[in-house]
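Reader: I would like to learn how to read a structure of this kind. Please take me through it one feature at a time.

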Number of protein chains: 2
Amino acid sequence: MADRARPARLDDVARAAGVHVSTVSRVINGRGEVSVRPETRERILTAAQELQYRPNAIARGLRLATTGTLGLLVPSLRNPVNSPIIRGAFDRAWERNFVLVLAEDTGESETAEDAYERLVEEGRIDGLLIQSARIGNPHLDAFASGPVPCVFMDRAHPGSGRNVTMRDADAGRMVAEHFLGLGHRFLAHLAGPVDLDTVARRRDGFVEGARARNTEPLVVQAALSEEAGYGAMRGLLDQAAAPTAVFIANINQALGAVAAVREARVRVPEELSLVCHDDDPVCDFLDTPITAVRMPLHELGSTAVDVLLDQVGGGAPRNVVVEAEPELVVRRSTGPAPP
Amino acid sequence: MADRARPARLDDVARAAGVHVSTVSRVINGRGEVSVRPETRERILTAAQELQYRPNAIARGLRLATTGTLGLLVPSLRNPVNSPIIRGAFDRAWERNFVLVLAEDTGESETAEDAYERLVEEGRIDGLLIQSARIGNPHLDAFASGPVPCVFMDRAHPGSGRNVTMRDADAGRMVAEHFLGLGHRFLAHLAGPVDLDTVARRRDGFVEGARARNTEPLVVQAALSEEAGYGAMRGLLDQAAAPTAVFIANINQALGAVAAVREARVRVPEELSLVCHDDDPVCDFLDTPITAVRMPLHELGSTAVDVLLDQVGGGAPRNVVVEAEPELVVRRSTGPAPP
DNA sequence: CGTCACAACGCAAACGTTAGCTCAGCCGGA
DNA sequence: TCCGGCTGAGCTAACGTTTGCGTTGTGACG
């Protein structure tokens, strides 16, 4: 019914209100201090309303050299941990009147550079969020010094001076203290690849927390996958003196580890306490629901957007650690140390 | 080092090559049949290369009234089922030289219309993908008849004539046949809300498959949540004559249902066989890994993009069912019927 | 009554592309 | 030799906004 045929332009509104386009423009996005008669303003506003006028973002983008769009480069749309971050970023961006375009860095050949070309060099975005940058990507520095502001979230890009991270060390420390408080003395950490700074910080916090009470935890490394978690946990259980409490680096490892524990018929939490980093809906529905540390992922996304927009607005790049504390969600996989 | 200060424009390339901008434009995105001397063409091309020229997407968008951008409206970034769809859409869009902007319809107040305004009415996108539209949204018809093409994926919008769906009925039928093949005679389906067409088709296929062998399955409805799955499964188990095989509508329900089964100390698959719709990494890591039907979600996303771009290119809207067959991933939760 | 300041708007040039039209040469054929 | 057609470009007007500047008209003030 409504003549959707051609969306109304500034000119249409101007004609309808009997004024010039420039006046309409000023009234519509003037911040109040435009000198225009109240009566004229009213006329313009109602005309705009009736014609359902919406400013064309593309034309405005061309004129203002700013698109109202942010890019989000994610390592994998597969990993469920990403969604709260994406969501957090999306929500805040939306709130602040920006839209988000997606790009995926699958790690294959040149996908990151391809994304960079398509988004940054073609002028589609005002700022770029890089989530968990693939470490060692030689183009990262180029991104950081490129024509549009960018911010690295979760995994930092060392030396870039524009990282938004979480209190990973506190998470590790928190888990260590939880274990120690339950009387455990032989702790272990199933760590991920420690060239990931986020993984390294978790480990450091855990180790530090244990040492503060004169305990040296065992640390083993494994990839962040189910298979690796399975293998690493088997290794731990086969030891002469097996640990009584294990902190697992992420949910995927944890799923594998739990399978290994089940296979070995070790009882949780009577004989072994488990904590997993990254809370996930699944944690609630394993045979024994697993205690997990919930990171402020949503806040990570939203503050990353804030920090980025600060840069877009002309602010200097800076490193930020999101304030929110990691939270330990205690379920049934942790209990007092065996006697 | 490279003077990122100001990205090269068409004009810069023209000056460098000693020709007019229009010639550069023609050479750069001409499809070959432009009449220009090979020598000139060469000169332009190398100049563009040296200046690292990239066409400005915004300016081009304004001129061509086409943005090279597609919108993706998703119901929730939380639901993990969405990610393969998003990924599929993203991949194909990227392949076909489109970028994807995200919008979330949280279901609160006016988020869908808000997204519509920001994306469609402000002219940011050339087409809109609507994933699992919230049923009953009064604006859906407006979307369908709006100024930019749109396509509904997964959940159809009845009568819109632009739905991309999967072979849901075949999925249901396949599960029924699997059960029947194992000798089960008392089947049940834990269905979702059947006002969702996708849920209804699954159910119909299941029922039909059972009836084809003269068995009338029990169908109960519950919300697509863990709690509802838990409750519904309790109800089934409490029955005088409990079913020996249950087809569960989605992964969330399944997690709740599995918890109920565990609590009731019913052995799977000895006493009860379970199949869950929607395969998920979790399925592998439950105490007894659960047989699931894997839907071609990635294909759903990619063909939705194809169908949409067809419309964008001027093609008439149409309904499409993605060809790929649902696949039954047999795990340990299904076995022969108890004697 | 002349001048001046200021309010209230119009004009036009940009932003970077693209495409229809124009136009100068040049070659071939009558 | 003249004309027509073709090749290889250039010119220019858009696309829809924004904004610095120019131009009116009005009231106040000396």
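Predicted model: local features only at pLDDT ≥ 70, side-chain atom pairs only at ≥ 80, totals over all residues.

Reader: How many residues of chain B are in contact with chain A?

Author: In general, the size of an interface is often given as the accessible area lost when the parts come together. Here we count residues instead: 39 of chain B are in contact with 38 of chain A. On the chain B side, the elements that give two or more residues are H4, helix H5 (82–95), strand E2 (99–104), helix H6 (111–121) and helix H11 (251–263). By class, that side of chain B has 21 nonpolar, seven polar and eleven charged residues.

Reader: Why can one say that the copies meet through the same surface?

Author: Because 97% of the interface residues of chain B are also interface residues in chain A.

Reader: Now the DNA. Which residues come nearest to DNA strand C?

Author: There are 25 residues around DNA strand C, and the nearest are A:His20, A:Ser22, B:Leu10, B:Ser22 and B:Ala59. Two or more residues each come from helix H2 (21–29) and helix H4 (57–64) of chain A, and from helix H1 (10–17), helix H2 (21–29) and helix H4 (57–64) of chain B. The surface near DNA strand C divides into ten nonpolar, nine polar and six charged residues.

Reader: Last, helix packing. At what angle do the axes of helix H8 and helix H9 of chain A cross?

Author: The axes of helix H8 (residues 168–181) and helix H9 (residues 197–211) of chain A cross at roughly 35° and come within 6 Å. The crossing of H8(A) and H9(A) is right-handed. Among the residues that make the contact are A:Asp168, A:Arg173 and A:Glu177 of H8(A), and A:Arg201, A:Asp204 and A:Phe206 of H9(A).

Reader: How do the residues of that contact divide by class?

Author: The contact of H8(A) with H9(A) has six nonpolar, four polar and nine charged residues.

How values were computed
Residues numbered from 1 in each chain as written. Chains lettered and ligands numbered in written order. Near = placed C-beta within 6 Å. Helix = DSSP H or I, 4+ residues; strand = E, 2+ residues; numbered from the N terminus. Nonpolar A, V, L, I, M, F, W, Y, C, P; charged D, E, K, R; others polar. Contact = placed C-beta atoms within 7 Å. Axes fitted to C-alpha atoms, helices over the stretch in contact; angles between N-to-C directions. Left-handed = near helix turned anticlockwise from the far one by under 90°.
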